[in-house]
Amino acid sequence: MILRSAIARVAASPRLVGLLALVDLTVVAVAAQPLSAALAYDLDRRPAALHLVSGDDASLVELVQDRPELLQLALRSAELALLVHLVLGSIVAGGLVAVLVGDDRRGLWVACREHALRMIGLGLFAWLGRALALAGLGLSVNALWPHHLDAAIALLALDIAGTSALSAVLLAYARALAVERPARPLARCLVGAFVVAARNRRASLLFLAWTAATAFGVLVAQELLAWGLSISIGGVAVSLFAAALLALVRAALDAVLLVAAGRVAVERYSSVVPIVTSTA
Amino acid sequence: MFPVVLAIVTALRLAGPLSPRTTSYDMTAELDDDAGVVRGSEHVRWRNSSAGTVRELAFHLYMNAFRDDDSVYWREAGERGQRSPSAPEARGGIEVTSVRMGGVDRTGAFVVEDSVGRLPLETPVPPGGTVELDLEWRTRLPRIIARAGRAGDFFAVAQWFPKLGVLTCPGPDGPAPRPCGFRAEPYHHLGEFFADFGTYDVRFTVPARFRVGATGVLVDEQAAGGRKTLHFRAEDVHDFVLAACPRFESVRAVYPDAWGEIELELLVMPEHAAFASRHLRAAAAALGELEQLGPYPYRRLTIVDVPDGARRAGSQEYPTLVFTQSHDAPEGMHAPEATTAHETAHQFFYGLLASDEIATPWLDEGLAESFTDRVLARLFGRAQTAYEVAGHRLTMLDIDRLGYRHDGAVDSPETRAFAFLHQDSYHASAYAKIALAVRTLEDDVLDPQRVVAGLRRYVERWRFAHPDAEDFVRAFDEGAGEDLHWFWNPVLFDAEPLDYLVLDVAAQPLGPAGFRSEVVLARRGGPPVPVEVDVRFADGRTVREKWTPQGSDPSRWRRFVYEGAAPVDEAVLAPAGAIALDTTRWNDGLRRLPDPQPRRRFIASLGVALLGLLGAWGR
């Protein structure tokens, strides 16, 4: 019921979903440009460049051996993309929550601007949590790698899915609480998110399942698409269209979570944690 | 308990003796599995087959490499940045407690330096003479560090007894006599072993619950008092190894060939049972490839799968027994098969052809690596010998080439094993470069049949002997029917890698009638292997050229010029398949005009992957 009403609300605001997807696509497109430019000299006059997209991994290793700075550039670009994605994604998510959960009539841009810093702050907290979870995972995977490859990959996938889903749900609660009362301290919003999760276990489990399943599904589809591109299945234009479509689906699913979880947080938090309006 | 007497009393399936049998060992030993100690005694007989008089015997005491930090092994390892483990269980050693000759105690005369023991002879051994002696010793097995030791209840009992070195003096038909001596190198951080052919008669006692694999064949087994004594025999081999573990499961198979049958036994850890068929299949395929070179002369081949905690013993060859390991890899990744294939190939290139693994490591490692590639190609096809997963693939030779291009430009293959800069350089030159060179001979210089003929001649001429680099080259060239010193010299004695490249592709208008096109090829280092190039023109025409930078045209570059209606579009070297030894493939072709399409596709795949990761990370 909660999800159904959230889906209806998100479906009624396609432009907001489009904006979320646009953030993702823009960040990736911009992040890829430096690497693309750096590769032009090496690849464009070399017929061997075709090997890169034919599944011949030796070509890729050879390229990285000869131009290790390209790998560094790719990693730096990915790091930067994560950071920019955090900032822009958080701002737009805050605006979306304000409009669709808080019924802010002033429009998306005003809401985005008003909550921007607090949304980025919350995003940073979640980022830190995810990074810590991954670091812990890294230690376990290290123990399994390379002799238990299957187990290492399974553990990695499970942890990414779990960490991502848990942090997404908690963050959605916290964002709604932060938007509901702009004066509420961020730490209190974060604590409140845990309180809401604990007091609304059924709803929280539903959101976790929703997030893990849908995120995993889209992730698999996206990585399959990347794999198809890397071994020359289909044309670039068709693949990019598919990528944009997947980004839209992903944004819509994220928006549904933000709205559904946001409503639960706003409706239930005040009932369990009385708001102190005056002191004696 | 009743003794079990087996009918087989020889390890050979061909009529022997097959080797000079310079040494013979009668050994009795017992494993104390709690203490990780082997106590043993041996009666050694050695025959002087040289033309010189011998005044000293030298024994390998390899386990002393792990006695303390001052050993040659740990000093060399330290120079390469590897620290000696300080835990007491990581320490090993061998203590020779008694040496007797003809009833005379010579223990005091036995001088131990690092992992070599020397015994001056009171009576020199003349040419053709023999010497016999009895030794007693105690070997403490370290936690597995390099090839031998213990890991829990698994024991790799290797390099565990006093073993004679090799007398390298000329034989009666060789050059004039000179002072002769034993070659017995200490255990080095890089490099393996060298010993002489002979017979082994070994009685080894273990707790009854242990399952044991060993060199040779089991002749007899007697159990008493919770322990059992296994009697093994091996002829015409140059080492003796055992593997013991109560958890081994035994899987047997038979490989039939032109000379009869070979019994295969895989001793596999229960947790790796799913890999059993993969190991046996790889071993059978390896024997199939080796069969082209001549018979495997022994009845049995034992393959020992090591537990996860003993992987440092898990890729090692011994006569008629190899250690392998089960990487937790899906079917599409062929690491388990590669390990078993490589170690099985050593049955020829080390087992039968007992080259000095310290002085000429490439002779066994390089040729075994080359056969690994052949075996995997036989099993999985040439294009995906290392793995084929989700459309991505890599060949073993690609892995060799990538390692070689990264680390192979420092040392030539003909470098003493311990003198290589580091492990990667050792692997790149002694393993990878030789495998790439043999493939280059197959594809671009000779053909597969002539390469097999060359290798077969080498095996026929030098089996049960100690060949060196020149012996190999001479025998190979004879079998292949061609003098290939122009190829072998830069491959074996130079470190400079081969790189062919298209240096330039250009076209200039000649007026309304057409264009003057130019293609420049170059060669950087390595043997001057003939190479073909396809020159493609804008009108769809392709011209195939051949450049043989030898003889009258030894230059490092070659220019091809064309005049015609259409300009050149691109030039691609080795259109039938890249030269295996050519380190760099990126520069094997060049377009006159850029084409950004492949780059865009590559970047798009990276971008979509990043998009997925951003989504998974969350916003």
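Contact here means heavy atoms within 4.5 Å. The structure is a predicted model, in which local features need pLDDT of at least 70 and side-chain atom pairs count only at pLDDT 80 or more, whereas totals for chains, interfaces and linings use all residues. Residues are numbered from 1 along each chain as its sequence is written, chains are lettered from A in the order in which they are written, and side-chain values use heavy atoms, with hydrogens and water left out.

1. Asp42(A) and its surroundings. Asp42(A) lies in helix H2 of chain A, residues 14-43; helices are DSSP runs of H or I with at least four residues, strands are runs of E with at least two, and both are numbered from the N terminus. Leaving aside neighbours within four places in sequence, Asp42(A) is in contact with Leu63(A), Arg67(A) and Leu70(A). Asp42(A) has a relative accessible area of 18% and is therefore buried (buried means under 20% relative accessible area, exposed over 50%, partly exposed in between, with a 1.4 Å probe and protein chains only).

2. Chain A as a whole. The secondary structure of chain A comes to ten helices and zero strands. Of its 280 residues, 46% count as buried. The C-alpha trace spans about 75 × 45 × 35 Å along its principal axes. Among contacts in chain A between residues at least 6 apart in sequence, 79% join residues at least 24 apart. The accessible surface of chain A comes to about 13,700 Å², of which 71% belongs to carbon and sulfur atoms; accessible areas come from the Shrake-Rupley method with a 1.4 Å probe, and for residues only the protein chains shown count as cover.

3. A nonpolar surface patch. Leu80(A), Leu83(A), Val84(A), Val87(A) and Leu88(A) form a nonpolar patch on the surface, with about 380 Å² of accessible area together. Patches are made of residues with over 30% relative accessible area and no salt bridge, like charges being joined within 9 Å and nonpolar side chains (Val, Leu, Ile, Met, Phe, Trp, Tyr) within 5 Å. Leu83(A) is found in helix H5 of chain A, residues 68-100, and is partly exposed at a relative accessible area of 42%.

4. The interface between the chains. Chain A and chain B bury about 5,800 Å² between them, 61% of it on carbon and sulfur atoms; buried area is the accessible area (1.4 Å probe) that two parts lose on being put together, summed over both. The contact takes 71 residues from chain A and 56 residues from chain B. The count between the two chains is four salt bridges, a salt bridge being a side-chain nitrogen of Lys or Arg within 4 Å of a carboxyl oxygen of Asp or Glu. The side chains of Arg599(B) and Asp44(A) meet in a salt bridge at 2.9 Å, N to O.

5. Strand S19 of chain B. Both faces of S19(B), residues 242-245, are covered: Leu242(B) and Ala244(B) on one side and Ala243(B) and Cys245(B) on the other are all buried. Strand S11 of chain B (residues 154-157) pairs with S19(B) in the antiparallel sense over three bridges, and Ala156(B) stands opposite Ala243(B). Strand S16 of chain B (residues 211-214) also pairs with S19(B) in the antiparallel sense, over four bridges, with Val212(B) and Ala244(B) as bridge partners. Two strands pair if DSSP finds at least two bridges between them.

6. An open sheet in chain B. Four strands with antiparallel pairing form an open sheet in the order S7-S8-S4-S12. Strands S7 (111-113) and S12 (163-164) of chain B stand at the edges, each with a single partner strand, so one side of each is left without a neighbour in the sheet. S7(B) and S8(B) (residues 116-125) pair over three bridges, and the bridge partner of Glu113(B) in S8(B) is Val116(B).

7. Salt bridges within chain B. The side chains of Lys163(B) and Asp239(B) meet in a salt bridge at 2.9 Å, N to O. The pair links distant parts of the chain, 76 residues apart: Lys163(B) is in strand S12, and Asp239(B) is in the loop between S18 (227-237) and S19. Lys163(B) is buried at 2% relative accessible area, as is Asp239(B) at 1%. Arg233(B) forms a salt bridge with Glu235(B), the closest N and O atoms being 2.9 Å apart; Arg233(B) is partly exposed at 25%, whereas Glu235(B) is buried at 3%.
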